[in-house]
Amino acid sequence: MLKIFIINTPDILQPTYQAFQYPPHNKDYGVEQDFYLWLKKQKHILTTDALAADWHYLPVYWTRWHINHDFANNKEALDRLQNEVDKIVKDSAKTFTVTQYDGGTLINIGKARVFSAARTINDGIDIPILCSPHRRPPLPVKKKYLASFNGSFGTHPIRVEMQKRFEANPEILIQGGLPTRFYKRWFWAKNYNLNTMASYVALSPRGTSCNSFRFFEAMQLGTVPCLIGDVDVRPFKKFIPWDEISYYATTIDELENLLQDLDKKEAIKKGKKAYQYWKNELYYQKWCKYIIKELEQIT
């Protein structure tokens, strides 16, 4: 049986909060904290003997660190992070870590494996990018849009292209970014939920990173998501039948063809199945077991 040693990590590398929350409704909790919490409960695969372990887990809260240090623009903070990590990692080839931050760890961690929720150009093994669940109305929402998107457009050219292609299409709802006033933000969030549920497909274009919170939010709301981007970062492809619960398009042309040929009954069926996968396999504490499966494949 695979054995994991948890590297003794100083408190400074595990900040207790982060200064900025995204999405706005999200609690200050993410996949980095979630996996660490889960792993500490798995007594049957843990060992205190670093030499006997197959893998060493590095539980740094990368996202909180980088956000709290000027979104990773603070060179002094990056140097300090590098120095602290260098002190505790003894064998990078046996080490793995979990990060949500765009760009990953942003420091040199040698041959360590990175399980990443939001890759940009960095290598990594894809995991879900999760947030707090949205409120759902008690009754089903009637479908009225072929597809919908709510969000900003400036984070990647593919979003701008999507906006231009579909903004005049009455069947496809394309809306802009988040308002600043609280009451408007509250209504926006409510409408985001309802509009997503009222759509046959939830459009989830990549942004700064290759992934999108919207993809897994759509699953939680029971609408089939469509990831749009040059890199297919749907996680754990060896274990999860993504073609049964989602769509993927590499370009806007490909997306347009997908929507033109959409089987609405199939989309509804996929959305219902996507919700079950989110609930039972991919929500907090549920997804973590797949990291162990991935590590077993590497071993």
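Modeller: Let me begin with a term: two strands count as paired if DSSP finds at least two bridges between them. Please also keep in mind that this is a predicted model.

Colleague: Okay, so in what order do the strands of the open sheet with β1 come, and is the pairing parallel or antiparallel?

Modeller: That open sheet is formed by five strands in the order β1-β2-β3-β4-β5, and their pairing is parallel. Its edge strands are β1, residues 4-6, and β5, residues 125-126, each of which pairs on one side only. If you look at β4, residues 113-116, you will see that two bridges join β4 to β5 in the parallel sense, and that Phe-115 stands opposite Ile-125 in β5.

Colleague: Which strands does helix α10 touch?

Modeller: Helix α10, residues 289-298, packs on this sheet and touches β1, β2, β3, β4 and β5, while its direction makes about 150 degrees with that of β4.

Colleague: And the sheet with β7, what is its strand order?

Modeller: This is an open sheet of five strands with parallel pairing, in the order β7-β6-β8-β9-β10. The strands at its edges are β7, residues 172-175, and β10, residues 247-249, and each of these pairs on one side only. Neighbouring strands in this sheet are turned against each other by 25 degrees on average, if direction is ignored.

Colleague: How many bridges join β6 to β7?

Modeller: Four bridges join β6, residues 145-150, to β7, and the two strands run parallel; within this pairing, Ser-148 has Leu-173 of β7 as its bridge partner. Helix α9 lies across β6, β8, β9 and β10, and runs at about 95 degrees to β9.

Colleague: Changing topic: which residues have the most contacts inside the largest nonpolar core?

Modeller: The largest nonpolar core has 43 residues, and those with the most contacts inside it are Ile-4, Phe-35 and Trp-287. Two or more residues each come from α1, β2, β3, α6, α7, α9 and α10, with α1 giving the most, namely five residues.

Colleague: What does Ile-4 touch?

Modeller: Leaving out residues up to four places away in sequence, Ile-4 touches a set of residues that includes Leu-39, Trp-55, Tyr-57, Phe-96 and Ile-292. There is also a second, separate core of 23 residues, and among its members are Leu-146, Ala-147, Leu-203 and Ile-228.

Colleague: Now charges, please: how many salt bridges are there?

Modeller: The structure holds twelve salt bridges. In general, side chains of opposite charge can pair when their charged atoms come close. One of these salt bridges joins Lys-87 to Glu-84, with the closest N and O atoms 3.7 Å apart, and both residues lie in helix α3, three residues apart, which is about one turn of the helix.

Colleague: Are Lys-87 and Glu-84 buried or exposed?

Modeller: Lys-87 is partly exposed, with a relative accessible area of 46%, whereas Glu-84 counts as buried at 13% relative accessibility.

Colleague: Where do Asp-230 and Arg-206 lie?

Modeller: Asp-230 and Arg-206 form a salt bridge whose closest N and O atoms are 2.9 Å apart. Asp-230 lies in the loop between β9 and α7, and Arg-206 in the loop between β8 and α6, so the pair ties together parts that are 24 residues apart in sequence. Asp-230 is exposed, with a relative accessible area of 53%, while Arg-206 counts as buried at 7% relative accessibility.

Colleague: Which residues are linked in a network of salt bridges?

Modeller: Glu-161, Arg-165, Asp-253 and Glu-256 are linked in such a network.

Colleague: Last one: how many disulfides does a search of the whole structure find?

Modeller: The search finds zero disulfides. Take Cys-131 as an example: the closest cysteine sulfur is that of Cys-288, and at 15 Å it is too far for a bond, because a disulfide needs a pair of cysteine sulfur atoms within 2.5 Å. Cys-131 is buried, with a relative accessible area of 7%. Cys-226 is in no disulfide either, since the nearest cysteine sulfur, in Cys-210, is 15 Å away, and Cys-226 is buried with a relative accessible area of 0%.

Note on methods
Residues numbered from 1 in each chain as written. Predicted model: local features only at pLDDT ≥ 70, side-chain atom pairs only at ≥ 80, totals over all residues. Heavy atoms only, no water. Contact = heavy atoms within 4.5 Å. Axes fitted to C-alpha atoms, helices over the stretch in contact; angles between N-to-C directions. Salt bridge = Lys/Arg side-chain N within 4 Å of Asp/Glu carboxyl O. Buried < 20%, exposed > 50% of the residue type's maximum accessible area, 1.4 Å probe, protein only. Core = buried A, V, L, I, M, F, W, Y, C linked by side-chain atoms within 4.5 Å.
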